[in-house]
Amino acid sequence: MMKRSLLALVLAAVMLIAACSGGGKNAGPANETPGNSGSKSDNLKVVLLVPGTLGDKSFFDAANSGLEQVANSLQAETKVIEMGVDTTKWEPTFNSVAGQDWDVIISGGSQITELLNATAEKHPDKKFINYDTDIPEAAPNVYAISYATNEVSFLAGATAALTSVSDMTNANEEKKIGFLGGMDIPAINAFLVGYIEGAKYAVPDIKVAVSYAGNFADPGKGKELSLLQYNSGVDVIFNVAGGTGLGVFDAAKEKSRYAIGVDSDQGTMIAGTDKDKANLIITSSVKKIDQAIVHAVRGIKAGTLELGKLDVVGLEQDGVGIVRNSIFNSVVSEDIKAQLVEIEKKLIAGEIKVSNAMGMETSEVDQIRNSVKP
């Protein structure tokens with residue numbers, strides 16, 4: 001009897017341990033997409049937390065591209081976790097992931113910066129990368145990156161204005177361009193202010209219609225607002241609205257007008273599924289998020305990356321730029337291309353100074369918006 005009782009106790013203990021371990025799987029409250037993850041190894045383990053969902057062909061997809069490059073070029077074990085748009089799920093996801101065996105935790109956006117820093121402070125043994133924020137504070141184990149979006153948006157504005165007054169096929173006679181932002185917030189208005197100043201530099205009497213969708217995940221709303229702009233005489237719209245901005249391209253195709261993408265080369269990304277739509281995206285204002293992520297993870301792996309700081313990258317550092325792809329080269333005139341090259345040179349040399357909406361009073365942004373109001 002004693003032997004049987006002892007055996008039963010041992011079996012019960014084994015079953016309890018197995019149940020508590022969860023079979024070795026990482027449980028989490030969000031959608032998880034494995035990358036190069038596998039069994040135990042000495043490879044760096046890197047996870048990307050997306051404060052939204054993939055498929056925007058812009059901001060989040062650019063970060064995912066960076067993670068894929070990390071997996072391929074650094075042989076890291078990787079995973080993507082889409083946290084969704086419900087912000088109440090972000091903190092538990094961060095806490096859950098930080099408690100697991102990831103070496104590097106990546107996320108991005110000013111909306112998650114406070115949470116990311118707080119999580120990093122509670123887990124000093126982990127390394128964190130914030131791939132896009134305009135908040136200068138960074139915890140000692142965080143590397144944060146900001147992009148000179150005002151500079152590259154200046155180029156986008158010049159492109160739009162010069163297109164509007166050109167004899168390009170889908171340009172009309174009105175000197176009027178558009179801007180669609182996800183929300184009326186400083187991070188988006190940093191694009192807007194640069195866009196307006198670049199447009200006015202190229203065409204001093206240009207008019208700029210401005211709309212905000214109020215979110216970053218509603219393409220239908222983006223299309224509705226864009227159609228209103230195109231119907232009012234706008235012939236180019238700059239999309240700075242994440243997933244909502246995909247509606248800009250739908251409207252551009254419906255009205256045979258032009259658009260400018262954001263964060264990723266949206267023309268090339270869309271060309272695979274809708275070439276006619278893609279050919280109306282004359283360029284994109286790109287933050288080289290994928291390259292920034294690869295650079296940061298490589299530095300962490302080598303032990304050379306300086307943490308606890310915010311790095312700002314612009315045209316001079318090749319951290320931002322407008323896309324000059326096959327669409328741009330075939331649609332945009334040689335004269336406009338030449339003018340854009342000269343403007344970019346002046347921006348890099350500091351001969352052109354671009355205002356930055358970050359830190360601006362609302363009244364200052366209003367004044368700039370109203371200066372070009374149709």
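**Exercise 1. Work out which elements the buried residues of helix 3 pack against, and which face they line**.

Step 1. Helices (H or I, at least four residues) and strands (E, at least two) are DSSP runs, numbered from the N terminus. Buried means under 20% relative accessible area, exposed over 50%, and partly exposed in between (1.4 Å probe, protein chains only). Contact means heavy atoms within 4.5 Å.

Step 2. Note the source. The model is predicted: local features need pLDDT of at least 70, side-chain atom pairs count only at pLDDT 80 or more, and totals for chains, interfaces and linings use all residues. Residues are numbered from 1 along each chain as its sequence is written, and side-chain values use heavy atoms, with hydrogens and water left out.

Step 3. List the residues. In helix 3 (residues 90-98), W90, T93, F94, V97 and A98 are buried.

Step 4. Look down the axis. These buried residues fall within an arc of 125°, so they line one face of helix 3. The arc is that of the directions from the helix axis to the C-beta atoms. An α-helix has 3.6 residues a turn, so residues three or four places apart point the same way.

Step 5. Find the partners. The buried residues of helix 3 pack against strand 2 (45-50), strand 3 (77-82), strand 4 (104-107) and helix 4 (110-122).

**Exercise 2. Describe the nonpolar cores**.

Step 1. Define. A nonpolar core is a set of buried Ala, Val, Leu, Ile, Met, Phe, Trp, Tyr and Cys residues joined through side-chain atoms within 4.5 Å.

Step 2. Take the largest core. Of its 94 residues, V46, I106, Y131, F179, F238 and V297 touch the most other members.

Step 3. Take the other core. A second, separate core of 17 residues includes V47, I81, W90 and A120.

Step 4. Zoom in on Y131. Leaving aside neighbours within four places in sequence, its contacts include L48, F59, F60, I106, I289 and I293.

**Exercise 3. Is N130 buried or exposed, and what does it touch?**

Step 1. Check the area. N130 has a relative accessible area of 1%, so it is buried.

Step 2. Read the contacts. Not counting residues up to four places away in sequence, N130 touches S107, G108, G109, I112, T113, L116, Y143, A144 and I145.

**Exercise 4. Characterise Q69**.

Step 1. Q69 is found in helix 2.

Step 2. Its relative accessible area is 30%, so Q69 is partly exposed.

Step 3. Beyond four places in sequence, Q69 touches L74, D290 and V294.

Step 4. Q69 and I293 are 224 residues apart along the chain, yet their C-alpha atoms are separated by 8.9 Å.

**Exercise 5. Locate two residues with positive phi**.

Step 1. Recall the background. Most residues other than glycine have a negative phi.

Step 2. K57 is not a glycine, but has a positive phi of about 55°. K57 lies in the loop between strand 2 and helix 2. At 27% relative accessibility, K57 is partly exposed.

Step 3. D318 has a positive phi near 60°. D318 lies in the loop between strand 12 (309-313) and strand 13 (320-322). At 42% relative accessibility, D318 is partly exposed.
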